[in-house]
Amino acid sequence: MLEELKSLIQNYVEVDEDAIVPDARFSEDLGFNSYDFMCMLGDIEDELDIEIDEEEAASSKTVAELIEYLEEQK
């Protein structure tokens, strides 16, 4: 799941792949703004063919938290 997210994350922010680690925080470490994050969630829905509750997913502060949320949705 981390590898799938890495490519999606890099579509929205210019960050080195090595910076995308489970503990990386979306806004502080990766440079996401809320608009980019919500757009990425839409892409994740399409890629993984799952339904995402944007409010719940938006509470994910780190890559690991988002992965955990997505795993629960599968």
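Trainee: What share of contacts in the chain between residues at least 6 apart in sequence join residues at least 24 apart?

Mentor: Start with the term: contact means heavy atoms within 4.5 Å. Take the contacts between residues at least 6 apart in sequence. The share of these that join residues at least 24 apart is 46%.

Trainee: What should I know about the model and its numbering?

Mentor: This is a predicted model, where local features need pLDDT of at least 70, side-chain atom pairs count only at pLDDT 80 or more, and totals for chains, interfaces and linings use all residues. Side-chain values use heavy atoms, with hydrogens and water left out, and residues are numbered from 1 along each chain as its sequence is written.

Trainee: Which pattern does the chain follow along the sequence?

Mentor: Helices (H or I, at least four residues) and strands (E, at least two) are DSSP runs, numbered from the N terminus. The chain has 4 helices and 0 strands. Read along the sequence, the pattern is α-α-α-α.

Trainee: What radius of gyration does the chain have?

Mentor: The radius is taken over C-alpha atoms, and the globule rule is 2.2 Å times the number of residues to the power 0.38. For 74 residues, a compact globule would come near 11 Å. The chain agrees with that, so its value is 11 Å.

Trainee: Is Pro 22 buried, partly exposed or exposed?

Mentor: Buried means under 20% relative accessible area, exposed over 50%, and partly exposed in between (1.4 Å probe, protein chains only). Pro 22 sits in the loop between helix 1 (2-12) and helix 2 (34-48). Its relative accessible area is 39%, so Pro 22 is partly exposed.

Trainee: Which residues does Pro 22 touch, not counting residues up to four places away in sequence?

Mentor: Leave out the residues up to four places away in sequence. The residues that Pro 22 then touches are Leu 2, Thr 62, Val 63 and Ala 64.

Trainee: Is Thr 62 buried or exposed?

Mentor: Thr 62 is in the loop between helix 3 (54-58) and helix 4 (63-73). Among the residues it touches are Pro 22 and Phe 26. Its relative accessible area is 14%, so Thr 62 is buried.

Trainee: Which residue has its backbone nitrogen 3.1 Å from a polar atom of the side chain of Thr 62?

Mentor: Look at the side chain of Thr 62 and find its polar atom. At 3.1 Å from that atom lies the backbone nitrogen of Glu 65.

Technical notes:
Polar contact = N/O pair within 3.5 Å; in protein donor to acceptor, adjacent residues only side chain to side chain.
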